[in-house]
Amino acid sequence: MNAAFKAKITLFHCINSFMESAAVEQSVQADVVLEYIKLACSSMVKDVYLLRAFEAEADAVVVLVCPEGQCRYVEGNLRAKKRVAWVQGLLDEIGLDGKRLAIHNVDPKNPEAVARIIDATAAALTDLGPNPAK
């Protein structure tokens, strides 16, 4: 990324799938700003919240959910996946590019995977550039 572009990534996460940690913060690139939004369950991520994150100038939004079949609330991660897919289509329609929104199943015991997801998202923003809605 160029020196002037500091990527803002908003992470919606189920409290059972990921806990914020200093290890993740330290391993993330210096040119990335993270904003965490904790959810009791990933099923609580609504389409309007995802869109508002972009309205609040997020360059990318990542939704972290429990591994499939391991949701404490049975289908929370499946509901979140459907909402994310719908919003990705909407982002494509309005010209923001659905690739700016992603959902990942993460194991709560593997914060390194979250750091890799954030780094991959930041790398994708090199091609996508800043949020055109800014």
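Which residues touch the most other members of the largest nonpolar core? Of its 18 residues, they are Ile-9, Leu-11, Val-32, Leu-34, Leu-64 and Ile-118. A nonpolar core is a set of buried Ala, Val, Leu, Ile, Met, Phe, Trp, Tyr and Cys residues joined through side-chain atoms within 4.5 Å. Buried means under 20% relative accessible area, exposed over 50%, and partly exposed in between, with a 1.4 Å probe and protein chains only.

The model is predicted: local features need pLDDT of at least 70, side-chain atom pairs count only at pLDDT 80 or more, and totals for chains, interfaces and linings use all residues. Residues are numbered from 1 along each chain as its sequence is written, and side-chain values use heavy atoms, with hydrogens and water left out.

Helices (H or I, at least four residues) and strands (E, at least two) are DSSP runs, numbered from the N terminus.

H4 provides the largest share, five residues. Apart from this core lies another, of 16 residues, including Phe-54, Val-61, Val-63 and Val-65. Beyond its neighbours within four places in sequence, Leu-11 is in contact (heavy atoms within 4.5 Å) with Leu-34, Glu-35, Tyr-36, Ile-37, Val-62, Leu-64 and Ile-118.

**The sheet**

Four strands form an open sheet in the order S2-S1-S3-S4, with parallel pairing; two strands pair if DSSP finds at least two bridges between them. S2 and S4 are the edge strands, each pairing on one side only. From one strand to the next, the twist averages 20 degrees. Axes are lines fitted to C-alpha atoms, for helices over the stretch in contact, and angles run from 0 to 180 degrees between N-to-C directions. S1 and S3 pair in the parallel sense over five bridges, and Leu-64 in S3 is the bridge partner of His-13.

Helix H3 (residues 76-94) lies across S3 and S4 and runs at about 160 degrees to S4. In helix H2 (residues 47-55), the buried residues are Leu-50, Ala-53 and Phe-54. Seen down the axis of H2, these residues fall within an arc of 100 degrees, so they line one face of the helix; the arc is that of the directions from the helix axis to the C-beta atoms. Their cover includes S1, S3, H3 and S4. Glu-57, which follows H2, has a positive phi near 75 degrees.
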